[in-house]
There are 2 protein chains.
Amino acid sequence: MRLALGQFNAVVGDLAGNAKKMGEICAEAVRAKTDLLAFPELAVCGYPPEDLLYKKHFLEDNRLSIEKLADDCPDITIIAGFAENYQGNSYNSAAVLQNGRISKIYRKGMLPNFGVFDERRYFQGGTEPVVINVAGLNIALTICFDIWNIEWLKDFYKDIGQNQMILNISASPFHTGKIRKREEIISQCAKEFNCAVSYCNLVGGQDELVFDGRSMFADSSGEIIAKARAFEEDLLIAEVNTTDGDVRVEPMQPAAVQPVDIVDEVYQALVLGTRDYARKNGFKKVLLGVSGGIDSSVTAAIAVAALGAENVVCVSMPSKFNSPESIKDAQKLAENLGVEFLTIPIEPVLNQFDESLATADGWDNPFDSAQGRKGVAYENLQSRIRGVILMSMSNSTGALVLTTGNKSETSVGYATLYGDTAGGFGIIKDVPKTMVYQLAEHINKTAPPLRKGRGQIIPADVISRPPSAELKEGQKDTDSLPDYDLLDEILKGYVEEDKSARQLVESGLPKDVVERVIRMVDKNEYKRRLSPPGIKITPKAFGKDRRLPITNRYSK
Amino acid sequence: MRLALGQFNAVVGDLAGNAKKMGEICAEAVRAKTDLLAFPELAVCGYPPEDLLYKKHFLEDNRLSIEKLADDCPDITIIAGFAENYQGNSYNSAAVLQNGRISKIYRKGMLPNFGVFDERRYFQGGTEPVVINVAGLNIALTICFDIWNIEWLKDFYKDIGQNQMILNISASPFHTGKIRKREEIISQCAKEFNCAVSYCNLVGGQDELVFDGRSMFADSSGEIIAKARAFEEDLLIAEVNTTDGDVRVEPMQPAAVQPVDIVDEVYQALVLGTRDYARKNGFKKVLLGVSGGIDSSVTAAIAVAALGAENVVCVSMPSKFNSPESIKDAQKLAENLGVEFLTIPIEPVLNQFDESLATADGWDNPFDSAQGRKGVAYENLQSRIRGVILMSMSNSTGALVLTTGNKSETSVGYATLYGDTAGGFGIIKDVPKTMVYQLAEHINKTAPPLRKGRGQIIPADVISRPPSAELKEGQKDTDSLPDYDLLDEILKGYVEEDKSARQLVESGLPKDVVERVIRMVDKNEYKRRLSPPGIKITPKAFGKDRRLPITNRYSK
């Protein structure tokens, strides 16, 4: 039996476009003489369609698209995910398309309703196992989370007899470490059922999520035999044969290159997530403010990798607080990347605002007379002027504004609301500062060499200079925040692992810092809620993944 | 048997504060010689606690608070909602406190996972009915959604024999029309089970939600016998007696005044929602931009009702496009309300921005040479300058910035991102424009009379003048949008009722307008995602209630 996994980049809501692409992949699978072609979970409508599933006409259109696909592809058996209205309930379903029609439908039994998932908001759980026979092979159908609870699955399929294969169609979003978990699950599943496992995953960016592909086959010994490309479309084809009770899988292609390490993996996720957010939302160009700091430098480099240098505009918006070195580094970065670079000093507007605001009660308060400098309101004003400049340029050119905040500062609210948080998409929003440095090194290591004597893409000084918001004289991030190594360790425990202050302190972290960081995280929930989406790369990102009330007095 | 319903305003996460207040209410109930006191759903931790429920220590602290409450209040039986960790799973539970300890626990069986609710994200459903006997009366315990599915409830309690009362503790958020639905459910429940129903609801604002209280009793004939205050704390006490198989309820107080109509109800919801968002988040003062238009006028009036005139600052930020009439009306409104009023013209900053942006590619594009005026980017720039002024004042005074957008413009994106959407809370975000007018009339009708010759709180011209954003010469909302009557009808069908374009057209609405409005709604999802929270008053508000992908090509 020859089986193909059609790992493709579906667009949410684009039923016609997705079905067209599935038709093209089907033609390719037919040319490769496959018996069976599988597409990802909810392939026809993209994942996750969220409240589109509350529209009856959306479910009707899902059905029509699947029927058309069946009609267009009568020559092989296809398994394709779609959103189904069945007897008045909604299901996350897999249609079996044969001879021009829907021959069977499997309905997902295990519905995830945690993390970024809301499937019990929409779907009923299916209760009927479905086994099909294709070219002599018995194949049990499953969808995504169905195989993540082996005990449930064993019970669900217990009366079905021996299968030669479990086919799983998935829309499993990326985070660091997820691929290992998936391989374990698939391997365990193969061993428990003593059958091959074919796993077809979605690929592509959708708002905060990136689906990383890496569809795979395991044989009945549990060994992962072949894996499709990561973060790219692919058609993974294999021969599946049974001999003496074993099920063997033989790939028809050379092995696809896989990410070399976690930083490489994150980099690729960010590139794909950025490209798809821009492309799928109709943006050709992006623009961002560059300060000569590491966050904006890494963001710019990833934007160039995602969209091409010709589609990235870097804007330097210096004030008297920006050092000549960082201004120069911003320009050097833009030159290295080969992007358009523009300088708009903010001093004239800043002075005019300062003058206009002089009549406002309280505008004198920000003066910190001890230091002879203005306070936080004046710092934030600079950041907001930059936000207005970028948004104005976005309005007049149609370019998407990228924000440059990382997860560490997003966590503790070290950002100006409607200032540096103003924009449409935050590439490194879920990347801890310590990993931003690793990404910078990765970019410099893997980028094509620059012209002689030009050094590296991201100037060495950008990486070595102590981070600063440059909103007042001599400012350093460490004036307000702990060292990023310590901060990121606390944040991982508190934000991603839901640990308490007490647990963190008991694990050896300093009590005063832990408590200060937790207070900062909690009181800045409102600011995160008003920040643009960014790409999830950790096990728990801000956004749909972590839903905390703004009004909340529990902070420990 | 004497029963009290302790309808109080819990704060999410404030376990100590909530327990303290519950103790005070308990003392009052003891003084009134009641046998049983019920508190709302999740009273100890507030509702909804969202992902706080993922913290093990939060559940432990819930338990400790309940135990302390039991210890503090040994003299009567108390039913109090709390979040429970039981055998490794989380439950939405009601503790029965008697003689200083937890004597029984009921665990909610029906978990809502639609609309604003995510209970299956956190909780397992309980499987055990609980009946207690207090002063000779058999009382079946239920929590909120348990009684909304009578068939399920009948099955769940079928082996329990005859009860004299069903007690339901709830956290049921307000929207227009909800109270009628609740009364129907409670009445039906009483009749089906032939017993009294006691319903204790939460009161107070929590982020986007307002809980409206209106706890009530029904007798076994299904008649609603007594109702607690709307949008206020209350302790509703009644005698419950059985005679000849009937269960009678006799209230111990005169009937509480109820809202006179839907507009009154919405007004009260907005006042409470605003007061609680400010108060619970530590804001004493608010500030907002006032244009002399109806949205900012109504917002200012509600803010004054919520927080007092001394805590509201109105800022007029005129440009050359604001008519002298509207500028004057803004000032008149502020005088009528007795609030601080400040004028900061934006022209000087606008001109400076215009000059600074001149070097940016594309900044010439906004020139609409045919009209000799700048285009949309220039319009938005004005709005963003106002946003920066308000946010700067917020930074320097600690006041919360109120946004003034209504649901109609929020729906179609008739707003400037990071301009008039910049702020912390949007009072009328879920109020359709047509209802904003009704609120204005309501405010004028019910406000205390002004000094002689001053007319009404909201000047008549504000209500009669055609709405305009005043961002260019002679602009009217109707240049870009359909009439608000038509727009609101389309939006109700599309946004709140998930109807398709085809359904709306078939119901008699004009096809071209329907299709244009739907396109506007869908393409502005990103803008809504980046706008501050506001108070839900309709059956489906933007926010947790309506979750659509930003990246989405399905628009019909």
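The radius of gyration is taken here over C-alpha atoms, and the globule rule against which it is compared is 2.2 Å times the number of residues to the power 0.38. For the 556 residues of chain A in this predicted model, the rule gives a radius near 24 Å for a compact globule; chain A has 26 Å, which agrees. Along the principal axes, the C-alpha atoms of chain A occupy a box of roughly 85 × 55 × 45 Å. The secondary structure of chain A consists of 18 helices and 20 strands.

Two copies of a chain are related by a rotation about an axis and a shift along it. In the present model, chain A is superposed on chain B by a rotation of 180° with 0.0 Å of shift along the axis, at an RMSD of 0.0 Å. This relation is that of a two-fold axis. Within chain A, the C-alpha nearest the axis belongs to A:Leu530, at 2.5 Å from it. Both copies use the same surface, since 100% of the contact residues of chain A recur in chain B.

The contact involves 88 residues from chain A and 88 residues from chain B. The size of an interface is often given as the accessible area lost when the parts come together. Between chain A and chain B the buried area is about 7400 Å², and carbon and sulfur atoms give 55% of this area. On the side of chain A, the residues that lose the most area to chain B are A:Thr551, A:Arg553 and A:Tyr554, which together account for 11% of what that side buries.

Polar interactions across the interface were also counted. Between chain A and chain B there are 40 residue pairs in polar contact, with both residues at pLDDT 80 or more. The salt bridges between chain A and chain B number six. In one salt bridge, the side chain of A:Lys556 meets that of B:Asp61, with an N to O distance of 3.0 Å.

Several elements of chain A each supply at least two residues of the side that touches chain B, namely α2 (56–72), α3 (119–122), α6 (262–280), β18 (340–343), α9 (347–357) and α10 (376–397). Of the elements on this side, α10(A) gives the most, with 14 residues. By residue class, the side of chain A that touches chain B divides into 41 nonpolar, 23 polar and 24 charged residues.

Over all chains, the count of salt bridges comes to 80. One of the pairs within chain A is formed by A:Lys108 and A:Glu119, whose closest N and O atoms are 3.0 Å apart. A:Lys108 lies in the loop between β5 (101–107) and α3 of chain A, whereas A:Glu119 is in helix α3 of chain A, so the pair ties together parts that are eleven residues apart in sequence.

Backbone geometry shows a cis peptide bond in each chain. In chain A, the bond from A:Tyr47 to A:Pro48 is cis, with omega near -10°, and A:Pro48 is located in the loop between β2 (36–38) and α2 of chain A. In chain B, a cis peptide bond joins B:Tyr47 and B:Pro48, with omega about -10°; B:Pro48 lies in the loop between β2 (36–38) and α2 (56–72) of chain B. A further backbone feature concerns A:Cys144, which has a positive phi of about 40° although it is not a glycine. A:Cys144 is placed in the loop between β7 (137–143) and α4 (150–156) of chain A.

Notes:
Residues are numbered from 1 along each chain as its sequence is written. Chains are lettered from A and ligands numbered from 1 in the order in which they are written. This is a predicted model: local features need pLDDT of at least 70, side-chain atom pairs count only at pLDDT 80 or more; totals for chains, interfaces and linings use all residues. Side-chain values use heavy atoms; hydrogens and water are left out. Copies are superposed by least squares on the C-alpha atoms of residues with pLDDT of at least 70 in both. Contact means heavy atoms within 4.5 Å. Buried area is the accessible area (1.4 Å probe) that two parts lose on being put together, summed over both. A salt bridge is a side-chain nitrogen of Lys or Arg within 4 Å of a carboxyl oxygen of Asp or Glu. A polar contact is a pair of N or O atoms within 3.5 Å; within protein, one must be able to donate a hydrogen and the other to accept it, and residues adjacent in sequence count only if both atoms are side-chain atoms. Helices (H or I, at least four residues) and strands (E, at least two) are DSSP runs, numbered from the N terminus. Ala, Val, Leu, Ile, Met, Phe, Trp, Tyr, Cys and Pro count as nonpolar, Asp, Glu, Lys and Arg as charged, and the others, Gly among them, as polar.
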